[in-house]
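Visitor: I am new to this structure and would like to learn how to read it. Could you please guide me through its features?

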Amino acid sequence: MMNQEKIMQGIKLLLEGIGEDVNREGLLETPDRIARMYEEICGGMEEDAAKHLGKTFSVSTNEIVVEKDITFYSTCEHHLLPFYGKAHIAYIPDGKVVGLSKLAKTVEVFAKRLQLQEQLTVQIADALVENLNPKGVLVMLEAEHMCMTMRGIKKPGSKTVTVAKRGEFQNNPELVNLFFQMV
């Protein structure tokens, strides 16, 4: 569970550490605002993706399902800076599908944690496998990282692409090509 008081103390220390006056008018409420913000952007820490993937619907066909361009925002665990982009998800049902909004909610659950993009991609794929038991899953994330844009190498607009394949997508290049055509 998040401890807002600790977050506020930490922000005061950070502000003092960079040479700011924590009693300056513009900063008086900043620790509280930051604590509330982290409760929102790291709210996935206490949420279980299975909650969203639990309600399924029977289907008679097992054709590929693709949900693309799911916008997500996450926070890099190395620099505590945002990274954001689009998630593209494909799965091949094995007799059951989940509501499309539940795929977006699954992305959101894992994105609202301190993350690495590579880890986020795998977590989404594994949650789909564990909860839907599909014949195959493919998850692709493409994101811009503020740690690459604002600091360090300073290359705005560069994107990182990560892919996780499970089941039939691991051994079937035609399915993978179909996914990339659809995305």
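**Reading the structure**

Guide: Let us begin with contacts, where contact means heavy atoms within 4.5 Å. Leaving out residues up to four places away in sequence, Pro82 touches Ser74, Thr75, Glu144, His145 and Met146. This is a predicted model, in which local features need pLDDT of at least 70 and side-chain atom pairs count only at pLDDT 80 or more, while totals for chains, interfaces and linings use all residues. Residues are numbered from 1 along each chain as its sequence is written, and side-chain values use heavy atoms, with hydrogens and water left out.

Visitor: In which strand is Pro82 found?

Guide: Helices (H or I, at least four residues) and strands (E, at least two) are DSSP runs, numbered from the N terminus. Pro82 belongs to strand β3, residues 82-92.

Visitor: How should I read accessibility, and what does Pro82 count as?

Guide: Buried means under 20% relative accessible area, exposed means over 50%, and partly exposed lies in between (1.4 Å probe, protein chains only). Pro82 counts as partly exposed because its relative accessibility is 39%. Across the protein, buried residues make up 37% of the 183 residues.

Visitor: Where does Thr61 lie, and what does Thr61 count as in accessibility?

Guide: Thr61 lies in the loop between β1 (56-58) and β2 (65-76). With 47% relative accessibility, Thr61 counts as partly exposed. Thr61 and Ile92 are 31 residues apart in sequence, and their C-alpha atoms are 9.6 Å apart in space.

Visitor: Which residues does UniProt list for "binding site"?

Guide: UniProt positions are given in the numbering used here, feature names are shortened, and annotations may be inferred rather than shown by experiment. For "binding site", an unreviewed UniProt entry lists Cys76, His79 and Cys147. They span 72 residues in sequence, yet no two of their C-alpha atoms are more than 8.0 Å apart, so they gather at one spot.

Visitor: Is Cys76 buried or exposed, and what does Cys76 touch?

Guide: Cys76 lies in strand β2 and is buried, with a relative accessible area of 7%. Not counting residues up to four places away in sequence, Cys76 touches Leu81, Phe83, Gln115 and Cys147.

Visitor: Is Cys147 buried or exposed?

Guide: Cys147, in helix α6 (residues 146-149), is buried, as its relative accessible area is 13%. Apart from neighbours within four places in sequence, Cys147 is in contact with Cys76, His79, Leu81 and Gly152.

Visitor: UniProt also lists a domain; which residues are given for "domain: GTP cyclohydrolase I"?

Guide: The unreviewed UniProt entry lists residues 9-182 for "domain: GTP cyclohydrolase I". Over residues 9-182 the chain is 41% helix and 28% strand, and the C-alpha atoms at the ends are 48 Å apart.

Visitor: How is a pair of helices read, and at what angle do the axes of α1 and α2 cross?

Guide: Axes are lines fitted to C-alpha atoms, for helices over the stretch in contact, and angles run from 0 to 180 degrees between N-to-C directions. The axes of helix α1 (residues 4-17) and helix α2 (residues 30-41) cross at roughly 125° and come within 8 Å. That makes α1 oblique to α2, given that angles under 35 degrees count as roughly parallel, over 145 as roughly antiparallel, 65 to 115 as roughly perpendicular and the rest as oblique.

Visitor: Which residues of α1 and α2 meet?

Guide: Gln4, Ile7, Met8, Ile11, Lys12 and Leu15 in α1 meet Thr30, Pro31, Asp32, Ile34, Ala35, Arg36, Tyr38 and Glu39 in α2.

Visitor: What is phi of Asp69 near?

Guide: Most residues other than glycine have a negative phi. Asp69, which lies in strand β2, has a positive phi near 60°.
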